[in-house]
Amino acid sequence: MHPHHTHSIESIIQPFFPQSSERDMVLGALISPALVQWSFLLCGSLGFVLLWQAAKLIDRLWWHPRRLERALRAQGLHGTSYRFLVGDVVDYERRSKAAPSRSMPLRCHNIAPLVAPLLHDIVREHGKACISWFGPYPKVTISDPDLTKEVMSNKFGHFEKLKFPALSRLLAGGVATYEGEQWVKHKRILNPAFHLEKLKLMMPAFSTCCQELVSRWTLSLGSDGTYEVDACPEFQRLSGDVISRTAFGSNYAEGARIFQLQSVQTPRLLARVKKIIIPGYLSLPTKNNRRMSEINNEIESILLNLIRKRMQAMQEGENTKNDLLGLMLESNMRGTDENGQCISGMTIDEVVEECKLFYFAGTETTSILLTWTMVILSMHPEWQDRAREEVLGLFGKNKIEHEGFARLKTSTM
């Protein structure tokens with residue numbers, strides 16, 4: 001009760017209770033019920049808020065996944081059943097750790113049981129379109145070629161994607177995470193940068209990176225003319241160099257720094273894949289979470305600096321259209337897509353996310369493909385000889401030009 005009110009009551013009852021001890025007892029009797037009422041009201045409100053949040057959390061982690069599971073099964077899809085909070089993550093991690101201890105027979109190409117053991121078994125048991133769970137989120141895996149082609153060639157962005165905003169912020173967002181109209185807009189802006197004529201402009205960068213790799217290997221040859229290469233890290237470095245040069249051109253060194261930072265960031269996140277599904281985990285101030293935020297802040301700071309410098313150069317009339325960043329910014333500033341339709345541009349933050357995606361989506365996929373190609377050529381040296389003879393027969397010791405690629409039949413295979 002307000003002190004002013006207490007003083008007023010005390011002056012009213014004073015004539016009836018002249019002793020101060022008697023007045024204190026009466027005042028206590030008057031004030032206590034009000035305090036009790038306010039306490040009950042406060043506790044009740046707090047309890048209601050906590051109960052409401054708990055109900056939302058239970059719905060998110062149990063009832064909503066179960067509703068989605070019933071809806072997917074009603075459409076004829078089969079797969080694993082949902083397990084509270086973890087889904088298939090624990091099984092995925094356990095099977096993935098055990099897989100590398102197994103070996104493959106020489107010349108065997110059946111890599112799926114080793115690369116993705118759990119997913120391989122789910123597809124084999126439940127069919128080419130099946131359900132699995134990343135925590136409380138269902139995934140529909142499609143391994144049917146025709147259905148896959150339909151998804152990948154869709155131009156409307158209607159296919160839903162797993163949403164982990166905190167994870168996307170630390171790794172890469174961009175067009176890979178968007179849906180609907182936003183996906184359509186970004187695809188239209190980015191498409192011109194990947195046209196064949198634009199890619200031809202990047203041939204010198206491809207050639208420079210490959211020459212540096214071969215020169216480094218040549219200098220490492222022993223006295224017997226041989227050198228053992230761990231191909232995977234070599235091709236990771238190659239793909240990182242190629243993306244750095246083709247994405248940022250003359251700012252290659254800064255681009256290379258982004259590659260180094262992302263190569264540290266990715267394993268940090270993957271090592272904690274189980275914890276990522278816990279709501280709010282990536283926001284906790286743990287040592288690893290703080291370090292990942294620092295890495296992300298440095299990446300974004302480098303990119304923002306590159307973008308601002310490039311936009312200033314473009315406004316001053318410089319030709320900056322020979323790399324992905326220049327092509328993307330030029331398409332973004334033009335306000336029309338490749339068909340002449342008006343489109344609103346991307347924000348600077350969105351451009352940053354697309355640049356992060358260049359690295360994340362391009363480096364690992366390309367390096368693994370090149371490594372596996374080398375493994376296959378080592379398994380089949382007769383095809384290695386045929387490919388080498390074809391390249392030397394068409395180009396000799398000269399640099400490979402884009403126009404000559406169409407004549408590389410064996411290498412294309």
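Leaving aside neighbours within four places in sequence, Thr141 is in contact with Leu119, Val123, Lys128, Ala129, Cys130 and Ser132, where contact means heavy atoms within 4.5 Å. Thr141 lies in strand 3. Helices (H or I, at least four residues) and strands (E, at least two) are DSSP runs, numbered from the N terminus. With a relative accessible area of 16%, Thr141 is buried; buried means under 20% relative accessible area, exposed over 50%, and partly exposed in between, for a 1.4 Å probe and protein chains only.

The model is predicted, so local features need pLDDT of at least 70 and side-chain atom pairs count only at pLDDT 80 or more, while totals for chains, interfaces and linings use all residues. Residues are numbered from 1 along each chain as its sequence is written, and side-chain values use heavy atoms, with hydrogens and water left out.

Next comes the sheet. Strands of a sheet pair through backbone hydrogen bonds, either parallel or antiparallel. Here three strands form an open sheet in the order 1-2-3, with mixed pairing; two strands pair if DSSP finds at least two bridges between them. Strand 1 (78–79) and strand 3 (137–142) stand at the edges with a single partner strand each, so one side of each is left without a neighbour in the sheet.

Strand 1 and strand 2 (residues 129–134) run parallel and are joined by two bridges. His78 has Cys130 in strand 2 as its bridge partner. Strand 2 and strand 3 pair in the antiparallel sense, over six bridges. In this pairing Ile131 stands opposite Val140 of strand 3. The hairpin of strand 2 and strand 3 has two residues between the strands, and Gly135 there takes a positive phi near 65 degrees. Strand 2 is mostly covered, as five of its six residues are buried.

Now the helices. Helix 3 (residues 89–98) and helix 5 pack with their axes 8 Å apart, at an angle of about 115 degrees. Axes are lines fitted to C-alpha atoms, for helices over the stretch in contact, and angles run from 0 to 180 degrees between N-to-C directions. Helix 3 and helix 5 are therefore roughly perpendicular to each other; angles under 35 degrees count as roughly parallel, over 145 as roughly antiparallel, 65 to 115 as roughly perpendicular and the rest as oblique.

Which residues make the contact? Helix 3 supplies Asp91, Tyr92, Arg95 and Ser96, and helix 5 supplies Pro117, Leu118 and Asp121. By class, the contact has three nonpolar, one polar and three charged residues. Ala, Val, Leu, Ile, Met, Phe, Trp, Tyr, Cys and Pro count as nonpolar, Asp, Glu, Lys and Arg as charged, and the others, Gly among them, as polar. Tyr92, in helix 3, is partly exposed at 47% relative accessibility. The C-alpha atoms of Tyr92 and Pro117 are separated by 7.9 Å, although the two residues are 25 apart along the chain.

The cysteines come last. A disulfide is a covalent bond between the sulfur atoms of two cysteines. Here a disulfide is counted when a pair of cysteine sulfur atoms lies within 2.5 Å, and the count comes to zero. The closest cysteine sulfur to that of Cys210 is in Cys209, 6.8 Å away, too far for a bond. Cys210 is partly exposed, with a relative accessible area of 37%, whereas Cys43 counts as exposed at 53%.
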